[in-house]
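Subject: Structure handover

Hi,

Here is the structure I promised to pass on to you. Have a look at it first, and then read on for what turned up.

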Amino acid sequence: MKTESNPAEGEPSVSGDAKDISERKGIEKIQQEDQARLSGLIDSAMDAIVSTDEQQNIILFNTAAEALFGYAAADVIGRSLDLIIPPRFHASHRRHMQEFGRTGITSRSMVVPGVAQGLRASGEVFYMEVSISQVEIGGRKIFTAILRDISARRQLEKKVRETNELLQMVLQTVPVRIFWKDAESRYLGCNAEFAKDAGLTQASQIIGKDDYQLSWKEQADLYRADDRQVMQSGIPKLRFEEPVTTADGQLHWARTSKVPMFDAEGKVNGVLGVYDDFTESRRDADQLARTTRLVEAISQAQTRLITG
């Protein structure tokens, strides 16, 4: 049976109380649904998400964080963040967070090697990118970090760096001349031996120059014609002989090979060349040929004298 009080008598209304309770339950349901959606988003995030209170105790540890650090959320909630930070960084991390908290800045990135390092449950220390944010709720500060493991990337970067260093060492020590040009036959680089022929003290000085600006300017048209042939055809031109005037004004002979360079889309965007100076061997070969002809001439003369 429906019961209502007389408003004039100041008695509570049963239907009014029921309405308030219903509204509160509706609000609570909406809040619960919002909380469930937020939790779902956090747990489905690809990056690890860790939140702490002002005392740096963990209050949130998502699924990706569990995978990253090797701990179950239930085992870390309420424990100090030091659990997942290498011991040598505990003090510096606390100072950093205290300073960050005082700034009032809402977010900051930490990607400096030696700071952005994490500690897995296994004891493994690894590098990570860290973005930190802070928010104040009910007078309390909450710090949230989004973390990403970059160990594989750093390892790849190390391998690339080591490979480049090895290539540079080989490039600068091989006893041949190496150079590369853009599509306009402007030099993009060379090795030390090539720079020496050009009269340059450093290989980097070649960048941006063309053959008309170097000691072999008299042969520039010849070289550029070869460049065009290789770039237009896309076919290497290998082991051909050509003259080279070096910085000391001497004419040398080079045995040259040129191959096209391609961009990421497969289009020719330059030419890579290598040559060795075979002037001495060519001179020796010429001398041998002259000696051979002389011996043959003497032999023929002797034969005529004998038979004559």
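Before the sheet, one convention: two strands count as paired if DSSP finds at least two bridges between them. Please also keep in mind that this is a predicted model.

With that in hand, strand 9 and strand 10 (residues 251–262) are joined by seven bridges and run antiparallel. Within this pairing, Lys-237 has Lys-258 of strand 10 standing opposite.

Both strands belong to an open sheet of five strands, with antiparallel pairing and the order 8-7-11-10-9. Its edges are strand 8 (187–190) and strand 9 (237–245), each of which pairs on one side only. From one strand to the next, the twist averages 30°.

What lies across this sheet? Helix 7 (residues 220–233) lies across strand 7 (177–182), strand 9, strand 10 and strand 11 (268–277). Relative to strand 9, helix 7 runs at about 160°.

Now to the aromatic side chains. Counting rings as paired if their centres lie within 6.5 Å, there are eight aromatic pairs. In one of them, the planes of Tyr-187 and Phe-194 are at 45° and the ring centres are 5.5 Å apart, so this pair is tilted. Tyr-187 and Phe-194 are both buried. They also belong to a cluster linked by ring pairs, along with Phe-179, Trp-216 and Tyr-275.

Lys-237, the residue opposite Lys-258, places its charged end over the ring of Phe-240, 4.5 Å from the ring centre. Likewise, the charged end of Arg-255 sits over the ring of Phe-278, at 4.1 Å from the centre.

Is Phe-143 buried or exposed? Its relative accessible area is 6%, and buried means under 20%, so Phe-143 counts as buried. Leaving aside residues up to four places away in sequence, Phe-143 touches Val-50, Ser-51, Thr-52, Asp-53, Glu-54 and Gln-56, and also Met-97, Phe-100, Gly-101, Ser-133 and Gln-134. How far apart are Phe-143 and Asn-57 in sequence and in space? They are separated by 86 residues in sequence, while their C-alpha atoms are 9.9 Å apart.

Notes: Residues are numbered from 1 along each chain as its sequence is written. This is a predicted model: local features need pLDDT of at least 70, side-chain atom pairs count only at pLDDT 80 or more; totals for chains, interfaces and linings use all residues. Side-chain values use heavy atoms; hydrogens and water are left out. Rings of Phe, Tyr and Trp (its six-membered ring) pair if their centres lie within 6.5 Å; planes under 30 degrees apart count as stacked, over 60 as edge-to-face and the rest as tilted. Buried means under 20% relative accessible area, exposed over 50%, partly exposed in between (1.4 Å probe, protein chains only). A charge sits over a ring if NZ of Lys or CZ of Arg is within 6 Å of the ring centre and within 35 degrees of the ring normal. Helices (H or I, at least four residues) and strands (E, at least two) are DSSP runs, numbered from the N terminus. Axes are lines fitted to C-alpha atoms, for helices over the stretch in contact, and angles run from 0 to 180 degrees between N-to-C directions. Contact means heavy atoms within 4.5 Å.
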